Amino acid sequence: DIDRDQIVTWLDDAELAVDRKRLYLTMLGVAGDQSNLPMLEQMLRSTQKSTRGGLDALVACYLTLAGESGLPLVNELFIENTKSAYADTYAAIMAIRFHGTEGDKIARSALLPSLHSILKRDDLADLVIPDLARWQDWSQIDRLVAMFKEADPNDNFIRVPVVLYLRACPLPK
């Protein structure tokens with residue numbers, strides 16, 4: 001019963017409040033279809049601040065409608081792009097986290113490589129380690145142990161999430 005065209009019209013409003021935008025993007029994720037992907041891709045690629053508000057909901061909506069085939073674009077723009085702003089990458093992580101815990105459109109196994117890519121970024125790695133443990137992905141033990149050992153003693157924020165990950169791991173290793 002949701003009027004998809006009306007949602008698209010609302011999303012075109014440059015003055016739209018961010019909380020409303022998040023709501024409309026969530027609604028579009030329910031009522032939208034593949035025909036909405038070009039508009040969402042354009043919004044994802046935009047550098048205008050007004051378009052990027054509610055980026056977590058935008059990425060989540062895009063992935064809901066695109067499914068696993070939408071991950072390469074999200075990875076390109078936010079996950080693997082070291083020039084992406086912290087807030088933008090964090091928004092993409094939140095959308096991936098949503099799909100891995102609440103969503104049913106994309107298998108966790110397809111989302112995990114995106115989180116693994118974040119581990120390459122020292123400034124963001126601590127954000128995804130709890131997700132790896134929660135999703136019982138023990139494939140990163142060696143990498144995380146190395147990160148623990150190589151952590152700068154003056155900036156060792158990575159050590160606590162690594163220890164918690166290792167404590168949760170049921171493997172004898």
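The model is a predicted one, in which local features need pLDDT of at least 70, side-chain atom pairs count only at pLDDT 80 or more, and totals for chains, interfaces and linings use all residues. Residues are numbered from 1 along each chain as its sequence is written, and side-chain values use heavy atoms, with hydrogens and water left out.

I begin with the fold. The chain has 11 helices and 0 strands, where helices (H or I, at least four residues) and strands (E, at least two) are DSSP runs numbered from the N terminus. The C-alpha trace spans about 55 × 30 × 25 Å along its principal axes.

Of the 173 residues in the chain, 49% are buried, that is, under 20% relative accessible area with a 1.4 Å probe, protein chains only. Turning to contacts (heavy atoms within 4.5 Å), among those between residues at least 6 apart in sequence, 60% join residues at least 24 apart.

Next, the surface. Carbon and sulfur atoms hold 50% of an accessible surface of about 9,500 Å², computed by the Shrake-Rupley method with a 1.4 Å probe.

Finally, the largest pocket. A pocket here is an open set of points on a 1 Å grid over the protein atoms alone, where a 1.4 Å probe fits, with protein on both sides within 12 Å along at least five of seven lines; lining residues have an atom within 4 Å of a point. Its lining comprises 16 residues, with Leu11, Asp12, Lys21, Met43 and Thr51 nearest the centre. Helices α2 (18–31), α3 (37–45) and α4 (49–52) each give two or more residues to that lining.

How values were computed
Buried < 20%, exposed > 50% of the residue type's maximum accessible area, 1.4 Å probe, protein only.
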